[in-house]
Amino acid sequence: MKRDIIVIGAGIMGLTTAYELFKAGRKVTIIDESDITNSTSFGNAGLLSAFDKGPLANPGIVFNTLKLMIKGQSPVNIHPTLDITIYKWLWKFINSANKDRLKRTLALFEKYGDISNNIYENMQSFDGLDLDFHRNGMLSIFTEQKSYDKKLIDYSVKNDNIFEIIEKNKIKDFIPCVTNDIKGAIHFKRNTHFDPKRVMLELKRYLKENGVEFILNERISNIVYSDKKIESISSALNTYEADTYILSTGFQTNLVDKLKQSLMMTPAKGYSLTFKMPKELQPITSTLFSDLFIVMTPRRDDVRITSKLEIGSTNHKIVKKQIESIKENFKKYTIPFEMENITEWTGFRPLTPNDMPLIGRDEKYKNLIYGMGLGWLGMTFGPALASIIKDLIVNNLENKNCDDILLFSGFYQGKY
């Protein structure tokens, strides 16, 4: 049986793409190697950080990371490796971290982040998905006076619709668990947050109830192609044919490798801790510890903090040293409280060197579309990118006829 559209990968990109295509009246099959309950999307902080939060590749990132390494607080660990592609990626990352690119990236983040926020809100309001979605901004707190003073210069012109400088004696109204060592805080009003686990499970439920086919716990290991199109894909058990294939496999590139294609993308290992804490100490909204690269997000039943990136690691196991480092950095600026029912998680985020996702049609195989390279912003941009992919398919467009692809896809950002 030949299918209409097969999506390979059931992370947030795969699920939101299926959602958009279902809404457009297409028949969709999702295939994933797991039951999707522990994908990278599940470990996300839940902060949709499209506004007033810099990308990973930003000026000063290298110096700041080295400074934190000296203090033992670095959020990034780079493992020595013989893999030359890691060093190529790092070189391109360093070159991407400049002011000109930052200005462009921030504008794109706002444009597509706003689209995603509206789609999530519609999912919750009109489709009845329980996402625990909230539009109450992001609190950015600073543990170093120098970085706080610099941020104040950037936001010296008052704009009550976008941000509010929080007086020091009112910071604990927003996040009661911090100590008096916090130097300052800014409430950025346009950001949103939700519970990633609820989002994933609710999307899966909604799609299944509306006829989207799920084939789970089956790893696609081979891809058959002719001169101009993908003919079929197969697992150890089955072969599948479709008119259109969407590749949304996160950091895994085994199928891309079989096509002899190369994506400038590296897996970055991240961590999260989910726990219960006294309600009276929880932040009222998602909070970024700006100088520590820690995000803390309140949810309906618990709280999650995320931090750390390991580049060059292939170890899928939780490294206790990293968990303890997150706890140690976090506890330096919070009053003592017990973290109850702690769940530790680690997973790999597919990072491009310039924060641009890799979306669009393959140049050679026109019935193959990429939805990859979302890095740490998969939840933030998933729905917006899914809408772009839907337009490509429904309107039978080439990449060059889609302004959004030309603007936001890493395939069109120079030799990424």
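Me: Which residue in the turn between β14 and β15 has a positive phi?
Reply: Phe293 does, at about 55 degrees, and this turn belongs to the hairpin that β14 and β15 form with 4 residues between them. Strands here are DSSP runs of E with at least two residues, numbered from the N terminus. This is a predicted model, in which local features need pLDDT of at least 70 and side-chain atom pairs count only at pLDDT 80 or more, while totals for chains, interfaces and linings use all residues. Residues are numbered from 1 along each chain as its sequence is written, and side-chain values use heavy atoms, with hydrogens and water left out.

Me: How many bridges between β14 and β15?
Reply: Strand β14 (residues 286-289) pairs with β15 over 3 bridges in the antiparallel sense, where pairing requires that DSSP finds at least two bridges between the strands. Thr287 has Met296 of β15 as its bridge partner.

Me: And what about β15 with β16?
Reply: Those two are antiparallel as well, with 4 bridges joining β15 to strand β16 (residues 303-311), and they form a hairpin with 4 residues between them. Met296 has Ile305 of β16 as its bridge partner.

Me: Is β15 buried or exposed?
Reply: 5 of the 5 residues of β15 (residues 294-298) are buried, so the strand is largely enclosed by the rest of the structure. Buried means under 20% relative accessible area, exposed over 50%, and partly exposed in between, with a 1.4 Å probe and protein chains only. Ile294, Met296 and Pro298 lie on one side, with Val295 and Thr297 on the other.

Me: Switching topic, what share of the whole protein is buried?
Reply: Buried residues make up 57% of the 416 residues.
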